[in-house]
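Let's look at a protein together, one question at a time. Take a moment to turn the structure around before you read on.

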Amino acid sequence: MHIYERLLELGYWNRKPQQFLVIDFSQGTTEIAYVETIPSGLRLLAYDVQRNMPAQAKNQQALVHFIGEFTRKNLIDKKTVMISISDADSVAIKFITMPMIPDKEIRSAAKWKLRDVVSFDLDQSIIDWQWVDDYTDNEDNRNKGIVFIVAMQHTIDQYLSIVHQCQLEPWSITSSTFSYAHLLTYFPNNPMVSAVLAVDYKGSTLSIYLNNKLNFVRRLPISWEKFTQSLTEVIVSGEDRIELSIAQAEDIESTFGIPESEKEVVHHTLQAAQIISLLRPLLETLVRDLNSSFEYFAANFNSPRPAALYLTGGGSNLKNLDKYLSRELAVPVSYLSAPACVEVGMALSHKTNKTDPRQMANVLGAALSCPGVINLLPSEVRAKRLKQIQREAWRLATVIGGAIFFISLSSAQFQVYHYKNRIKQASDYLETIDKIGVSESNIRFKEDLIKKIQSKRVPVDGVLKVISGFVPQEIILDEFSLDQGKHDLILRGGVMAPEDVAEKVLINFMQQLESSLFFKEVTLISSQRMEIVQRFEISIELHCD
């Protein structure tokens, strides 16, 4: 196994960067945040949101400008970006049960079932999945419950085009529907079964989570646009005709929302009772769809109904929507806001007081998500990232190899110096302490020995260069001991590999050493398995003729 493949297997390259950008694309808005990973969670360093433009081409140009200005204004030099997709029209999410097959076969096998429930061209789509649970059917056959996400390739390419024009490097592409689960884990009183209703510009998405894991997704027809349109209908009051503009309707949504008293005057002569009459058909439809979805989930997933409902998305800013749904559904309803693990940076603290915390749920959920759980990055982008990993891995291996060589060389030089110093100390000791009976002949003998060793000195530099050329990537050398008098070399180290592989690696290493003209004989003194490392000691007899 190559070193970069080993690092991928260990998840080294899937770790979150220390600082990175998160961009969330929804139907009505685009959010961007700059975050920093800290031990307790996240630190929010910068945040901004922009409403999208109707025209696709103009909107893309506006987004490139918006993102570029954000990075320049906040002096952001980190180019790693995580993309979150909250536009429900851009993806399809479906729960499917499948037989117990190997993970590597799931994606191809799922295409046959997805063709019946997904309108996208699956051959031109990117598919990823998340395991939910194992189930047993009526015939006692075990099946896997899996939630699949499908995105059209050209849609992903549009998002990537925007970030590439901003000179950003995409690290992961996820969906807010999956990201909400990571937010819920930080809510201490979140029940076993909970739901999130994301009200977007052209539609809503209901997601139900069991033990903070996505189990069920359903599109609902209620939207931010429909709430606004309902308030712009002509109202006849006596001889007066009242017709609100879109701006006035949106202002009423956020300021008055669903009136709690029919006697309120909402806008000039517009009464609260008239607002209620305009909103009632949509609200009743929403309650009916939520109740039927809860009942369907409870019946088909053998689970209780959701015990809590969270609201998010641009359309959830309809004031008092939480109170209305809580009363009609008889469950606690609240807004999906930033959890306590998110720390707001000092430079941003004064701005967040003016920012609706419901707008941050998508980017914060994505930033808190686990890397690699859902990733819609195209294969060619992943291949490019793999090449970067290869380069980094080989660079790391070169540094490690150089360090081992330098340590070994330093150790040999230190031993020679230490031996000379001991001879000098013995000579001084003989001259000053005659009475202890150390004869001068012994000192002369040691001095003669040094001269003989030096006259037949083994070329240490050459030996180290030869050994470093034979050391495979699985072997780490810990100790290098050279006896110049006996022409004997001891190598101690470990093999980072399974036991059966380690033996083959060690034998091959010894055979390569024996093939060198520097070495006369190579002998394995000891080999012992210690946890995940195969420790060894090798004796080498050197050629000195």
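Here are some questions with worked answers about this protein.

The model is a predicted one, in which local features need pLDDT of at least 70, side-chain atom pairs count only at pLDDT 80 or more, and totals for chains, interfaces and linings use all residues. Residues are numbered from 1 along each chain as its sequence is written, and side-chain values use heavy atoms, with hydrogens and water left out.

Q: How many helices and strands are there in the protein?
A: Helices (H or I, at least four residues) and strands (E, at least two) are DSSP runs, numbered from the N terminus. Counting them in this way gives 15 helices and 22 strands.

Q: What percentage of the residues of the protein count as buried?
A: A residue is buried under 20% relative accessible area, exposed over 50%, and partly exposed in between, using a 1.4 Å probe and protein chains only. The protein has 545 residues, and the buried share of them is 46%.

Q: What share of the contacts with a separation of 6 or more is between residues 24 or more positions apart?
A: A contact means heavy atoms within 4.5 Å. Among contacts in the protein with a separation of 6 or more, residues 24 or more positions apart account for 64%.

Q: Which strands are at the edges of the open sheet of five strands?
A: Two strands pair if DSSP finds at least two bridges between them. In this sheet the order is S11-S10-S9-S16-S17, with mixed pairing. A strand at the edge pairs on one side only, and that describes S11 and S17 (333-335).

Q: Is Thr-177 buried or exposed?
A: Thr-177 has its place in helix H5. Not counting residues up to four places away in sequence, Thr-177 touches several residues, including Ile-93, Thr-205 and Val-217. Because its relative accessible area is 8%, Thr-177 is buried.

Q: What is the relative accessibility of Ser-179?
A: Ser-179 is also found in helix H5. Leaving aside neighbours within four places in sequence, Ser-179 is in contact with Thr-174, Gly-365 and Ala-366. Ser-179 counts as buried because its relative accessibility is 0%.

Q: How is the aromatic pair of Phe-216 and Phe-297 classed?
A: Rings of Phe, Tyr and Trp (its six-membered ring) pair if their centres lie within 6.5 Å; planes under 30 degrees apart count as stacked, over 60 as edge-to-face and the rest as tilted. A search of the whole structure finds nine aromatic pairs. In this one the centres are 6.1 Å apart, with 55 degrees between the planes, and the class is tilted.

Q: How many residues apart are Phe-216 and Phe-297?
A: Phe-216 lies in strand S11 (residues 213-220), while Phe-297 belongs to helix H8 (residues 272-300). Both residues are buried. The pair links distant parts of the chain, and the separation is 81 residues.

Q: Why is the pair of Phe-297 and Phe-301 stacked?
A: Phe-297 is buried, at 0% relative accessible area, and Phe-301 is buried too, at 14%. Their ring centres are 4.8 Å apart. The pair is stacked because the planes of Phe-297 and Phe-301 are at 25 degrees.

Q: Which residue in the hairpin of S19 and S20 takes a positive phi?
A: S19 (residues 475-483) and S20 (residues 488-495) pair in the antiparallel sense over eight bridges. Most residues other than glycine have a negative phi. The hairpin has four residues between the strands, and the positive phi, near 55 degrees, belongs to His-487.
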